[in-house]
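Here is a short report on backbone geometry and strand pairing. Please keep the sequence and the model in view as you read.

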Amino acid sequence: MYIYIANMGEDVIERVNLETNHRDFAKIKSYNNKHLPLNVYSKYLCGPHRLILDKQRQKLYSLNAYDNSISIINLEDFTSEISLYVGNYPNNGIMHGDYILVVNGDSDSISIFDIEEKKVIGQVKVGSFPQDIIYNEKYDLIFVSNMNSDEILLIDPYSYRIVDFIGTGARPIGMTFSEDWDCLYVINSYFETGINGKISVINLQSLKVTGEIGVGKVPTMVRKKENFLYVLNSCSNTLCKIDLFTKQKKEVYCGYAPGYLCILDKYAYVSSAEENKVNIIDIDEMRVVKFIETRKEPQGLVIDL
């Protein structure tokens with residue numbers, strides 16, 4: 001069992017065996033050799049920050065925020081094969097069939113990346129500053145959160161036509177579905193206000209917001225497991241566990257500047273960009289039980305069973 005870690009501050013993808021702790025690295029290279037200098041002292045960086053696992057093809061795809069590229073990593077020898085332009089500030093992406101759909105924050109669009117052809121074959125206009133993209137199997141629809149439009153778009157995954165939208169609270173970012181696919185949980189970050197964020201609970205049969213749940217400052221990600229929601233609060237530096245029946249909450253410190261959240265079995269894995277580690281949290285007891293040291297500024301995580 002491996003965990004893959006995107007290190008935004010070094011252009012390195014780490015692969016760590018969670019059983020033996022053995023690790024190896026793949027170095028990301030810019031598609032045009034024009035990395036973005038963050039300051040006069042820094043190296044030029046591509047900025048890998050989100051990862052997509054393709055087990056069928058034995059590939060790992062890295063979305064690189066600084067040079068607007070996607071990198072393809074061969075999992076057999078764990079080397080970076082190629083980097084290609086994908087769109088302006090790729091925030092997130094999903095695989096759908098033979099394509100990777102990437103939301104581009106700085107161009108308000110989705111790029112359609114053909115996996116076999118290794119190129120962008122089209123773009124779809126969406127709302128302002130899209131952040132997250134997820135696919136609902138039951139309704140056969142793609143959902144995109146637009147942070148500056150305060151809305152969720154519903155998109156047909158074949159024609160890429162916008163079929164509906166849902167208004168939410170301020171600055172929607174991360175999303176997740178219930179196990180029966182009938183409920184959508186949306187993080188409203190209230191990004192620049194300094195007030196605590198909320199989760200909008202949306203019934204997908206009616207496309208209406210049916211409830212709200214308060215969380216910490218600038219929440220960014222939400223995951224659901226059984227009767228609980230797990231929310232990453234980036235300014236509170238906490239992981240919050242919410243009982244959906246009692247609405248009781250428990251919080252645990254999960255590292256300064258938490259970047260990404262994965263949940264597997266009884267553990268949450270949270271990357272801490274400022275502390276250069278991934279904290280492993282027992283979600284039954286809500287306490288950090290161990291951590292994985294990383295390279296600089298870990299962000300996106302993927303676990304391969």
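Predicted model: local features only at pLDDT ≥ 70, side-chain atom pairs only at ≥ 80, totals over all residues.

Most residues other than glycine have a negative phi. Phe78 goes against that pattern, with a positive phi of about 50°. Tyr89 has a positive phi too, of about 55°. Neither residue is a glycine.

Where do they lie? Phe78 is in the loop between β8 (69–74) and β9 (79–85). Tyr89 is in the loop between β9 and β10 (90–96).

Is Phe78 buried or exposed? Phe78 is buried, because its relative accessible area of 3% falls under the 20% cut-off. Tyr89 has a relative accessible area of 26%, so Tyr89 counts as partly exposed.

| Residue | Phi | Relative accessible area |
|---|---|---|
| Phe78 | about 50° | 3% |
| Tyr89 | about 55° | 26% |

Strands of a sheet pair through backbone hydrogen bonds, either parallel or antiparallel. Here, 4 strands form an open sheet in the order β14-β15-β16-β17. The pairing is antiparallel. Which strands are at the edges? They are β14 (130–136) and β17 (162–167), and each pairs on one side only. From one strand to the next, the twist averages 20°.

Now take the pairing of β14 with β15. How many bridges join β14 to β15? There are 6, and the two strands run antiparallel. Strand β15 spans residues 141–146.

Key. Residues numbered from 1 in each chain as written. Heavy atoms only, no water. Buried < 20%, exposed > 50% of the residue type's maximum accessible area, 1.4 Å probe, protein only. Pairing = 2+ DSSP bridges. Axes fitted to C-alpha atoms, helices over the stretch in contact; angles between N-to-C directions.
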